[in-house]
Amino acid sequence: MQKFFHRLLNHSSSKWIFILPAAFLLALFALPLAALILRSFSNDFLIHAFSEQAFHALQLSLVTSSITTGITAIFGTPLAYMLARWRFKHKSWIEILIDLPIVLPPSVAGLALLIAFGRQGLFGPALGIFGISLPFTTAAVVIAQTFVAAPLFIRSARIGFTEIDMQLEEAAHVEGANQWQLFTEVMFPLAGRALVSGAIITWTRALGEFGATILFAGNLEGVTQTMPMAIYLGFERSLGTALALSVVLVTVSVVLLLITRKLENREG
Amino acid sequence: MKRLQSLTLLLVLFLTGCKAPPPSAPAAAPVAQSSSALMVFAAASLTDAFTEIGESFEAAHPGVKITFNFAGSQSLQTQIQEGAPADVFASANMQEMDALIAGGFIAQDAPQILLSNKLVVILPANNPAALENLQDLAKPGLKLVLAAEEVPVGRYARQMLDQLNGQFGSDFKDKVIANVVSNEDNVRQVLAKVQLGEADAGIVYASDAVAATDLQIIEIPDELNVIAKYPIAPLSNSANAELAAQFVAYILSPEGQVILGKWGFGPIE
């Protein structure tokens with residue numbers, strides 16, 4: 001019996017054991033996107049795609065997701081570095097806390113944000129003292145995106161920092177480098193690739209955020225209406241608008257992925 | 001290595017298993033089920049009332065199973081046009097019904113009006129913006145939440161504001177619209193934002209306000225209000241036309257109307 005499977009594996013046709021399942025999954029990714037693009041051409045694509053509403057939504061999406069990525073990089077890099085290189089108590093609980101937003105449905109995230117930072121939320125009255133009311137503002141969009149997308153950056157950056165050879169760290173210590181020098185001159189350059197790819201994933205995830213945003217930030221053109229929201233409401237109004245906006249979002253995402261991929265390769 | 005082998009074994013068994021001729025399946029089961037199952041697509045605002053009507057219809061017709069799909073009327077219309085299997089469609093607006101008639105999904109003379117519904121202004125229980133009357137909706141800085149213009153209740157709310165222009169001055173609607181902080185994608189979201197106290201006011205159906213707690217209500221006089229009439233119709237290609245017709249008749253019967261009244265809907269007239 002075992003010999004039989006060995007022979008089967010060695011036979012050249014055995015590569016199909018890999019190709020077939022892979023093709024099934026790739027088809028699942030490719031077919032709906034292809035259908036989306038094909039269907040959108042039969043409608044008044046250009047009219048829908050270049051409407052004022054679509055432009056506002058695209059602009060808001062690009063601005064908010066860029067801010068989200070910036071904030072995530074500034075606050076997330078030290079966190080990822082500590083998780084990767086330091087030893088401290090309750091580390092695994094912190095790691096679970098960071099992984100939670102990835103597995104939770106975005107609607108739970110939106111509700112939690114509203115209950116915490118809403119006007120009547122747990123910290124709402126405290127924010128109110130400073131005249132801050134978050135729901136229905138562009139800031140709320142950024143907060144929702146950061147909550148949902150930042151953990152992806154932290155994960156990628158942590159792996160990048162972990163993979164750096166311990167001996168390099170020891171050598172730096174022998175040379176008399178302090179924590180800051182160790183980070184800026186050894187760790188940061190070596191983990192650069194992981195940081196960039198983490199930032200890409202966070203950026204694209206933020207660009208697609210919908211569930212948490214509509215609950216926490218609401219929907220108002222030019223203020224909180226991002227691309228995914230405009231697509232959802234387009235679905236309510238006419239399929240043509242939703243299709244056109246979807247194709248625009250797919251195109252923008254592909255372009256972003258290509259640009260950042262180029263950057264990533266140059267660094268490596 | 002051992003692990004890899006067992007994984008390969010599983011995969012091979014799976015793949016060859018797929019090629020084996022399918023075992024002869026019992027064909028009777030699905031037929032028996034389809035004669036007693038009904039799929040009802042209904043506007044989101046009907047959620048509570050239709051759920052109760054469905055339970056009471058099932059109790060009166062043993063063996064019948066009703067499944068509901070509640071969503072915005074526009075979404076339901078699109079779903080049906082894209083081939084979703086519905087037996088009955090209840091919309092919050094005639095517009096969606098007309099589109100489905102035009103597309104041949106529903107017979108020209110099939111729709112019947114099943115209820116009327118009017119708009120009310122809702123406020124959080126503690127009324128944070130101290131609203132006293134309809135005119136206060138134009139107060140600068142008020143946080144007002146409406147349903148989006150694409151959703152019937154959002155369209156009705158804007159019509160109603162047009163009519164209030166005659167009462168409170170021609171720029172009243174513009175001032176109110178300037179206070180809108182969010183255009184929600186359905187009426188339940190408007191309700192939730194006001195219930196949570198995040199918005200100072202919202203405009204919803206009277207039926208939504210009845211189902212909700214922790215709210216204050218400002219009534220709108222009938223002559224200035226927009227009265228929505230909900231149409232209902234069985235779908236032309238329903239596999240259970242007879243049962244679909246029975247369900248529609250039940251909703252229009254006194255029993256069905258009593259339940260609708262309980263959930264804040266107005267009579268057919």
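Me: A residue is buried under 20% relative accessible area, exposed over 50% and partly exposed in between (1.4 Å probe, protein chains only). Is S156(A) buried or exposed?

Reply: S156(A) has a relative accessible area of 13% in this predicted model, so it is buried. S156(A) belongs to helix α8 of chain A; helices (H or I, at least four residues) and strands (E, at least two) are DSSP runs, numbered from the N terminus.

Me: Which residues is S156(A) in contact with, leaving aside its neighbours within four places in sequence?

Reply: Contact means heavy atoms within 4.5 Å. With those neighbours set aside, S156(A) is in contact with A194(A), S197(A) and G198(A).

Me: What conventions stand behind these names and values?

Reply: Residues are numbered from 1 along each chain as its sequence is written, while chains are lettered from A and ligands numbered from 1 in the order in which they are written. In this predicted model, local features need pLDDT of at least 70, side-chain atom pairs count only at pLDDT 80 or more, and totals for chains, interfaces and linings use all residues; side-chain values use heavy atoms, without hydrogens and water.

Me: How should I read the confidence, and what is the mean pLDDT of chain B?

Reply: pLDDT is the predictor's confidence in each residue, from 0 to 100. Chain B has a mean pLDDT of 85, and 87% of its residues reach 70 or more. For the model, ipTM is 0.73 and pTM is 0.74.

Me: How many helices and strands are there in chain B?

Reply: Chain B has 11 helices and 9 strands. It has 269 residues, of which 51% count as buried. Taking contacts in chain B between residues at least 6 apart in sequence, 77% join residues at least 24 apart.

Me: How do I read strand pairing, and with which strands does β7(B) pair?

Reply: Two strands pair if DSSP finds at least two bridges between them. Strand β4 (residues 112-124) of chain B is antiparallel to β7(B), with 4 bridges. Strand β5 (residues 144-147) of chain B runs parallel to β7(B), with 2 bridges. Here L144(B) has A201(B) in β7(B) as its bridge partner.

Me: Why is β7(B) described as largely enclosed by the rest of the structure?

Reply: The strand covers residues 201-205 of chain B, and 5 of the 5 are buried, so the rest of the structure largely encloses it.

Me: Which residues have a positive phi although they are not glycine?

Reply: H90(A) is one of them, with phi of about 60 degrees. H90(A) sits in the loop between α4 and α5 of chain A and is exposed, at a relative accessible area of 57%. A130(B) is another, with phi near 50 degrees. A130(B) sits in the loop between β4 and β5 of chain B and is partly exposed, at 45%.

Me: Which element gives the largest share of the lining of the second largest pocket?

Reply: That element is α14(A), with 6 residues. The second largest pocket holds about 280 Å³. Its lining includes L33(A), T204(A), S246(A) and L257(A). In chain A, α2 (16-41), α11 (192-208) and α14 (239-267) each supply at least two of the lining residues.

Me: How many cavities of 30 Å³ or more does the structure hold?

Reply: It holds 2. The largest cavity has about 90 Å³ of space. Among its lining residues are A43(B), G72(B), V151(B), N186(B) and Y205(B).

Note on methods:
On a 1 Å grid over the protein atoms alone, a cavity is a set of points where a 1.4 Å probe fits but cannot get out, and a pocket is an open set with protein on both sides within 12 Å along at least five of seven lines; lining residues have an atom within 4 Å of a point. Grid points are joined across faces, edges and corners, and a volume is the space filled by probe spheres set on the points.
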